Amino acid sequence: MTEYILPLSKVRCMNCAGKIQTSLSTLPGVDSVTVDTRQAIIQGDSALTPIIEAITELGYEAGYHHVLSLQGLSCGKCVAKLEQAFAENPNISRFTVSKTQAEIVGILTRDEAVALIERTGYQVPAPAQLHLALSGLSCGKCVAKVEQALAELPDVSAYQVSKTRADITTSGEAAAVTAAIEQLGYQATLTTPPDTETEIKAEAETGTETAPSAAPADVVVPDTTDNAPAAPGEQSIQLMLSGMTCASCVASVEKAIRNVPGVTRASVNLAERTALVAGDAPVERLITAITDAGYGAELSEDEHSRRERQQAENAQLYRRHLRNSLIALGAGLPMMGWGIFGGSMMITSTASQLGWGAVGLVTFVMLYTIGRHFFVNAWKAFRHHRATMDTLVALGTGAAWLYSTVVVLLPELFPEQARHVYFEASVMILGLITLGHALEARARSRTSKALEQLIDLQPQTAILVTPTGEQEVPLAEIETGALLRLRPGAKVPVDGTIEEGQSYLDESMLTGEPLPANKQPGDKLHAGTINQNGSLLFRAEQIGSDTMLARIINLVREAQNSKPALARLADTVSAIFVPAVMIIAIVTAMIWYYVGPAPSSVYMLVAATTVLIIACPCALGLATPMSVMVGVGRAAEYGVLIRNAEAMQLAANIDTVVVDKTGTLTEGKPQVTTLKTYQSDEAQLLQLAASLEQGSEHPLAKAICQAASERSLTLSAQSDFEALPGYGVAGNVDGQRVLLGNQKLMAKHQIEVAPAAEDVQAIAEQGATPIYLALGDQLVGLLGVSDPLRSDSVEAIERLHQMGLNVVMLTGDTETTANAIAREAGIDTVIASVLPDGKAAKIAELQQQGKRVAMVGDGINDAPALAQAEVGIAMGSGSDVAIESAQLTLIRHSLHGVADALQLCSATLKNMKQNLFGAFIYNSLGIPVAAGILYPLTGTLLSPVIAGAAMALSSITVVSNANRLRLFKPNRNPHQ
């Protein structure tokens, strides 16, 4: 008789397992079958192949599937030899072999398969573990596409994919794997494996559900090196750019940067004039590449210095543009007034030639000085075979001036009615566009106000305590472990732990909590918070870029530089926009020259120039970055950290919010509220439970041990402690086997629980979690552990309902307990009794129903669900693993932050759509009007001067509309 132990996958429940068991039981030669969701144990004389085929036909997967690279096979005989070895092995169901690869399906583990190949005389290259950070995946279908692509790679033997991460085992090159993913339209960058050993240990101790691993006051902020993942030796640097004027410039700079070897990711922000680059490419090569593309670049300084310099440059740019615009308008307005109020703009005599010749020289000086940068940038673009907004302005103003100059110098070449000069158009266009740039620069300087406020929280000095006394030193001189003094009214300079003193600290600027927090020895301090009254001594622990404030600043900065999916439309259009406008201008000129009324040359010039001037790629380039910058900054002010702009767009379309119970809805500080005994007294029951749980860091264990401590109970030694995820814990206390956990643990060990049924019901109806305690094979008592709702959870849930969102509670508690908590919180839909590894599957089920899901959680076991949901929202006090899996992080531990985040994301997406709509509509209507489409109705053409004003106004409108987000305030009153 043969026994097969087959690993199973895609088996979601015991109903699925029952289907498999029924199918296998009918196979000839099968004597007995035992199936659960993880494996099938088959005994009998049946071959392996029909067993696997029967399971596969039901839609499940069985056995191991290995794709192994081979070495040492040189001919067909080698292939045949290996095929014979596979065919003779009863644990292999099917296989295919070539000289470079073997694909095996069966119950052999990878090590056993490799050993078989090596015994045959060939080799399998040692596989490498690749850890990739992914971006651009928004749903389960995206994950499935990546999984399918990886499955088709012959060198990939194993993989695990989420929306943000892929862990891959491959014997091939990393470049081939990343290329396969990027061909799907996603981004993949090498990163380091997560350090989850301690978190997994904590999860293993869970009896029902994992609670937060840190106290609510100790906020954890995701490290931005994870947000912009970097492999060893990789860096994320920011460059300050110059010479960019429109969306076409952004595309050119990004292309230049990405062509540098070693660059894994590049994002250029037109609004900020910065580039964020990830990779191991030398800075000098990046700067050279940007310079060769016709733009300027230099390495950004520290955040504080960079912001000061950027603001100074913006102010200087504003003053220069304002001065130039006033000069140009001062010269252009009299010229335009001359023509409007009856003065002749025609060349009719030598006197008019001399007069307008002098005006032409003044205009040339204007073009050479005020408009010089348009022509210089246009020439650079031409040399690099591209066209930008500067190209359009240079062509329009240059053509008007050149035509007018030729008319002045050689009027006999033109019919009398065509001897019109347009010097005023050139000057007025320069003046109006430069005025628009001035107002745009001023508005741009306000978009980063939120980030500047965060930077201003960081003091530049600290009071260092030394054996010789106290001295104020620059912050850069503070080292980890230094002892620092914090005086009343001072800002905390670095993160650390209080060693002496007591005080209240204002943390509202970081957490949004309005009430000061009481801080005592042992409590954490965070940089940027303000000490109110007491004097404190604290030890520096995180300094420089490692402080929570610095990590928030970096996260906000990276999010502001990211692009949502909506921006791809603008990028696609902007790549062909300027060349398309130039073609339209040429076609317009030809039509007016050959078909237009006399003088056709004048109509040709006016129409073509107006088309060139009115087109505005700048508005397209600013439409989404400006909204993202203001929206992300405003979110940070409300204690919401957004990983990237893609997350904002997804969050704006959410219709279902799934909340974890423990530590999210509740305080995360459980307490023992009930003791029921059946064979001993309460003290013995509590002493036995606490003895088993002593040393555990799990919140339920702490609650039990705390209750025992309050009763001054003496704990016994325990041994053979065993954590059973989703069930509870087990071990020996005073030589007796003790089980502590849920009803499933009792059922697993066949312990009768019927006598406790009424007590269990009563405990659960109070919203507490019933925990069974068994000694040997007998139930000896029950413990009721309750975790109270947070004070603002009910109001926050009501607010989410008023926003039209469906709120679902997802918990590992029993259905009775979960329903009691849900009734108290005002939640209608409850998914209870979910094992720690089943939450992601429940999210997937909701998505299959057409729901767009946001998952809110903080525990380690929430991480897969956070990654599965369209948007994962992590509580800032939760585990690092949960925060890494989420797209949004709430610094303040309150569900109000979820409503704030979703409202702000919706407002930001609406603002982006308004900007893009305005930019597209402006160009879609403006260009045909400029080309003369209304001439048959009006009998006139649009003036190039008006076109210049419209172009300037379009950019100002986009920037001003984005700045409206700075006034956004979440609606905290659900009844409004």
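**Strand pairing, aromatic contacts and cysteines in a predicted model**

Leu739 stands opposite Ala774 in strand β31. Strand β30, residues 736–741, pairs with β31, residues 769–775, in the antiparallel sense over four bridges. Strand β30 also pairs with strand β29, which spans residues 728–733. The pairing of β29 and β30 is likewise antiparallel and runs over six bridges. Within it, Asn732 has Arg737 of β30 as its bridge partner. Strands β29 and β30 form a hairpin, with two residues between them.

Six strands take part, in the order β17-β16-β18-β24-β19-β22, and their pairing is antiparallel. The edges of the sheet are formed by β17 (469–474) and β22 (524–525), each of which pairs on one side only. Within the sheet, β16 (residues 461–466) pairs with β18 (residues 483–486) over two bridges, in the antiparallel sense. Leu464 is found opposite Leu484, a residue of β18.

Aromatic side chains were examined next. Eight aromatic pairs are found when the whole structure is searched. Phe364 is partly exposed, at a relative accessible area of 41%, whereas Trp401 counts as buried, with 17% relative accessibility.

A second pair is formed by Tyr603 and Tyr935, whose ring centres are 5.8 Å apart; with the planes at 80°, the pair is therefore edge-to-face. Tyr603 is located in helix α20 (residues 600–614) and Tyr935 in helix α34 (residues 935–938), so the contact ties together parts separated by 332 residues in sequence.

Phe364 and Trp401 also belong, together with Tyr368, to one aromatic cluster. Tyr368 has a charged neighbour as well: Arg372 lies over the face of its ring, at 5.1 Å from the ring centre. A charge is likewise placed over the ring of Tyr727, where the charged end of Lys748 sits 4.9 Å from the centre.

The cysteines were then considered. A disulfide is a covalent bond between the sulfur atoms of two cysteines. The count of disulfides in the model comes to zero. Cys75 takes part in no disulfide, and the nearest cysteine sulfur, which belongs to Cys78, is 3.6 Å away. For Cys78, the closest cysteine sulfur is in turn that of Cys75, and the 3.6 Å between them is too far for a bond, because a disulfide requires sulfur atoms within 2.5 Å. As to accessibility, Cys75 is partly exposed, with a relative accessible area of 29%, while Cys78 is buried, with a value of 12%.

Methods:
Residues are numbered from 1 along each chain as its sequence is written. This is a predicted model: local features need pLDDT of at least 70, side-chain atom pairs count only at pLDDT 80 or more; totals for chains, interfaces and linings use all residues. Side-chain values use heavy atoms; hydrogens and water are left out. Rings of Phe, Tyr and Trp (its six-membered ring) pair if their centres lie within 6.5 Å; planes under 30 degrees apart count as stacked, over 60 as edge-to-face and the rest as tilted. Buried means under 20% relative accessible area, exposed over 50%, partly exposed in between (1.4 Å probe, protein chains only). A charge sits over a ring if NZ of Lys or CZ of Arg is within 6 Å of the ring centre and within 35 degrees of the ring normal. Two strands pair if DSSP finds at least two bridges between them.
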